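Me: I have a structure to read and I am new to this. Could you take me through some of its features, one at a time?

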Amino acid sequence: MKLYVTRHGETELNASGRVSGLDDVPLTGRGRAQAEALARAAQGKGIDLVITSPLRRARETAETVAAALGVPLDIEPCLRELDYGSYDRAPIDLPEFRRIKRLFAWRMGGGESILDVAARVYPFLDRLRERCPDRAVLLVCHGTVCRVIHSYFRDLTNEEFWASIPDNCQLRAYEW
């Protein structure tokens, strides 16, 4: 199985350096252009299914790609972003947030921890492998989910985990 993973296109929260967890925000004009570029980059990869987070920014990105490729689109709640709780919309460079987000078992601002995200994403990936053994699938999700998926396939130190965030609409490939 070939698995492609991407982070949604840019949103206003991304552009302004703010935390975006479960806020259901749309893509910016630049984000829509990134999604169109992603659709072009995905051509010829053999992708025959797109699965997306239910959050609007990921859905808009996924809809653009699935339509361009002429493939089905599924929505998967397990791919939603980490719930940052009271840190949603906080500045990314807020010292307290920067310190707390590195604590893998800490439920941020009353939301979720990195371990909570891994507990829902890892089993989803196991099920996907069983369901689609001979397919090429694109997952459209979020920064933290992309990091967790990367850690499913690679052994990472904590520093490597945090450095592994992809750019908006950057395409990563994994193979089972």
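Predicted model: local features only at pLDDT ≥ 70, side-chain atom pairs only at ≥ 80, totals over all residues.

Me: Which residues of H6 are buried?

Reply: Residues under 20% relative accessible area count as buried. In H6 these are Gly143, Thr144, Val145, Cys146, Arg147, Val148, Ile149, His150, Ser151 and Phe153. Ten of the eleven residues of H6 are buried, so the helix is largely enclosed by the rest of the structure.

Me: What does Ile149 touch, leaving out residues up to four places away in sequence?

Reply: Ile149 touches Val5, Val121, Leu125, Leu139, Cys141 and Tyr174. Ile149 also belongs to the largest nonpolar core, which has 34 residues. Along with Leu3, Leu128, Val137 and Leu139, Ile149 is among those that touch the most other members. Two or more residues of this core come from each of strand S1 (2-7), strand S2 (49-52), helix H4 (95-100), helix H5 (114-131), strand S4 (136-141), helix H6 (143-153) and helix H7 (158-163).

Me: Which element gives the most to this core?

Reply: That is H5, with seven residues. A second core of 16 residues is separate, and its members include Leu38, Ala42, Ile47 and Ala62.

Me: How do I read the packing of two helices? What are the angle and the axis distance for H5 and H6?

Reply: Take the angle and the distance between the axes, then the handedness, then the residues in contact. For H5 and H6 the angle is about 60°, and the axes are 9 Å apart. Angles from 65 to 115 degrees would count as roughly perpendicular, and those under 35 as roughly parallel; H5 and H6 are therefore oblique to each other. Their crossing is right-handed. On the H5 side the contact is made by Ile114, Val117, Ala118, Val121, Tyr122, Leu125 and Asp126, and on the H6 side by Thr144, Val145, Val148, Ile149, Ser151 and Tyr152. Sorted by class, the residues of this contact are ten nonpolar, two polar and one charged.

Me: Let me try another pair. At what angle do helix H2 and helix H3 pack?

Reply: Helix H2 (residues 29-42) and helix H3 (residues 56-69) pack at about 40°, with their axes 9 Å apart. The crossing of H2 and H3 is right-handed. H2 contributes Ala35, Glu36, Leu38, Ala39 and Ala42 to the contact, while H3 contributes Thr61, Thr64, Val65, Ala68 and Leu69. The classes here are seven nonpolar, two polar and one charged.

Me: Now a single residue. Is Ile100 buried or exposed?

Reply: Look at the relative accessibility, then at the place and the contacts. Ile100 has 5% relative accessibility, so Ile100 counts as buried. Its place is in helix H4. Beyond its neighbours within four places in sequence, Ile100 is in contact with Tyr87, Trp106 and Met108.

Me: What should I look for in the backbone angle phi?

Reply: Most residues other than glycine have a negative phi. Arg89 has a phi near 75°, a positive value in a residue other than glycine. Cys169, with phi near 65°, is also a residue other than glycine with a positive value.

Me: Where are Arg89 and Cys169 found?

Reply: Arg89 is in the loop between strand S3 (73-75) and H4, and is partly exposed, with a relative accessible area of 44%. Cys169 lies in the loop between H7 and S5, and counts as buried at 11% relative accessibility.

How values were computed
Residues numbered from 1 in each chain as written. Heavy atoms only, no water. Core = buried A, V, L, I, M, F, W, Y, C linked by side-chain atoms within 4.5 Å. Buried < 20%, exposed > 50% of the residue type's maximum accessible area, 1.4 Å probe, protein only. Helix = DSSP H or I, 4+ residues; strand = E, 2+ residues; numbered from the N terminus. Contact = heavy atoms within 4.5 Å. Axes fitted to C-alpha atoms, helices over the stretch in contact; angles between N-to-C directions. Parallel < 35°, antiparallel > 145°, perpendicular 65-115°, else oblique. Left-handed = near helix turned anticlockwise from the far one by under 90°. Nonpolar A, V, L, I, M, F, W, Y, C, P; charged D, E, K, R; others polar.
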